[in-house]
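Reader: I have a few things to ask about this model. Can we start with the ligand?

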Amino acid sequence: MEVLNLLNRRYATKKFDTNRKIAETEVALLKDAVNLSPTSYGLQLYRLLVIADKDTKEKLKPLCWNQQQIEECSHLFVFCSFKTYEEKFVDDYIELMSKTHRVELNTVKGYGDFIKKKIAEKDKYELQSWMEKQTYLAASNLMLACAELGIDSCPMEGFDAPDVDAFLQLHEKNLTATVMVATGYRHPADDTQYAPKVRIGAEQLFIRV
Ligand SMILES: Cc1cc2nc3c(=O)[nH]c(=O)nc-3n(C[C@H](O)[C@H](O)[C@H](O)COP(=O)(O)O)c2cc1C
């Protein structure tokens with residue numbers, strides 16, 4: 001099964017080859033893969049920064065536990081979720097849905113009201129956590145798309161979000177960094193690529209009721 005080959009090929013790359021950069025045409029494909037990711041209700045309550053600039057990556061490294069992937073990768077995808085929710089997000093989405101499906105706004109308004117009602121049941125902390133969770137599925141799609149294109153990646157949570165937010169001026173946009181994916185090409189000297197995957201057995205992973 002091809003997808004299993006891709007999933008086996010993918011590994012959390014520790015050392016990227018700094019001489020190899022991802023072509024912009026492929027970066028565009030990766031962006032499409034992120035945009036096609038599923039999100040709760042379809043709201044897409046996150047935004048991304050894609051950082052290829054050497055100086056910015058160098059400055060980010062100390063804010064990311066000094067992990068070398070930050071500066072050695074070709075493109076760093078920074079997933080940012082909104083810090084606070086506004087009903088306007090739903091209004092904008094419903095308007096986009098009406099335009100995209102070419103239907104009158106009032107035919108989809110009920111769906112918007114339903115979404116608003118369900119979201120209103122969440123408290124402030126549940127809301128923030130729910131918005132953050134959305135980014136992880138998109139990060140996963142990005143890594144699978146990378147694998148298909150022969151591009152390597154590393155999902156990264158090892159960073160100090162308040163410092164990263166301040167450096168990237170995310171507060172002003174009501175955003176906070178939740179997860180990053182460093183992308184590029186594995187260095188032959190990255191030993192982790194040769195190690196077998198450490199995984200529990202299926203009988204342990206898939207439990208019975
Ligand atoms: C949400 C998340 C955050 C992670 N953060 C880091 C990180 O900051 N640095 C790193 O080197 N690896 C990070 N990893 C990689 C994991 O350690 C790795 O996926 C795991 O050990 C399994 O190895 P494999 O991905 O190579 O199969 C992260 C993985 C996930 C899913």
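Reader: Which backbone atom is 2.9 Å from an oxygen atom of the ligand?

Author: This is a predicted model. In it, a polar backbone atom of alanine 12 is 2.9 Å from an oxygen atom of the ligand. Glycine 158 also has a polar backbone atom 2.9 Å from a ligand oxygen.

Reader: And what about side chains, say lysine 14?

Author: A polar side-chain atom of lysine 14 lies 2.7 Å from an oxygen atom of the ligand.

Reader: How much of the ligand does the protein bury?

Author: The protein buries 64% of the 620 Å² that the ligand exposes when taken alone.

Reader: Which residues around the ligand come nearest?

Author: There are 14 residues around the ligand, and the nearest are Arg10, Lys14, Gln67, Lys197 and Arg199. By class, the shell has six nonpolar, three polar and five charged residues.

Reader: Which element gives the largest share of that shell?

Author: Strand 3, residues 152–156, with three residues.

Reader: Changing topic. How many disulfides are there?

Author: Zero, from a search of the whole structure.

Reader: Is cysteine 146 buried or exposed?

Author: Cysteine 146 is buried, at 0% relative accessible area. Cysteine 64 is buried too, at 1%.

Reader: On to the core. Which residues of the largest nonpolar core touch the most other members?

Author: Leu43, Leu60, Leu76, Val78, Ile119, Val164 and Met180, out of 35 residues in that core. Elements giving two or more residues to the core include strand 2 (75–82), helix 6 (105–120), helix 7 (124–148) and strand 4 (175–184).

Reader: Which helix gives the most?

Author: Helix 5, with five residues.

Reader: Last one, backbone angles. What is the phi of tyrosine 41?

Author: Positive, about 60°, although tyrosine 41 is not a glycine. Tyrosine 41 lies in the loop between helix 2 (24–35) and strand 1 (46–51), and counts as partly exposed at 27% relative accessibility.

Reader: And glutamine 44?

Author: Glutamine 44 has a positive phi of about 50° and is not a glycine either. Its place is in the loop between helix 2 and strand 1, and glutamine 44 is partly exposed, with a relative accessible area of 27%.

Conventions:
Residues numbered from 1 in each chain as written. Predicted model: local features only at pLDDT ≥ 70, side-chain atom pairs only at ≥ 80, totals over all residues. Heavy atoms only, no water. Disulfide = S-S within 2.5 Å. Buried < 20%, exposed > 50% of the residue type's maximum accessible area, 1.4 Å probe, protein only. Near = heavy atom within 4 Å. Polar contact = N/O pair within 3.5 Å; in protein donor to acceptor, adjacent residues only side chain to side chain. Areas by Shrake-Rupley, 256 points an atom, 1.4 Å probe, with all protein chains shown as cover. Helix = DSSP H or I, 4+ residues; strand = E, 2+ residues; numbered from the N terminus. Nonpolar A, V, L, I, M, F, W, Y, C, P; charged D, E, K, R; others polar. Core = buried A, V, L, I, M, F, W, Y, C linked by side-chain atoms within 4.5 Å.
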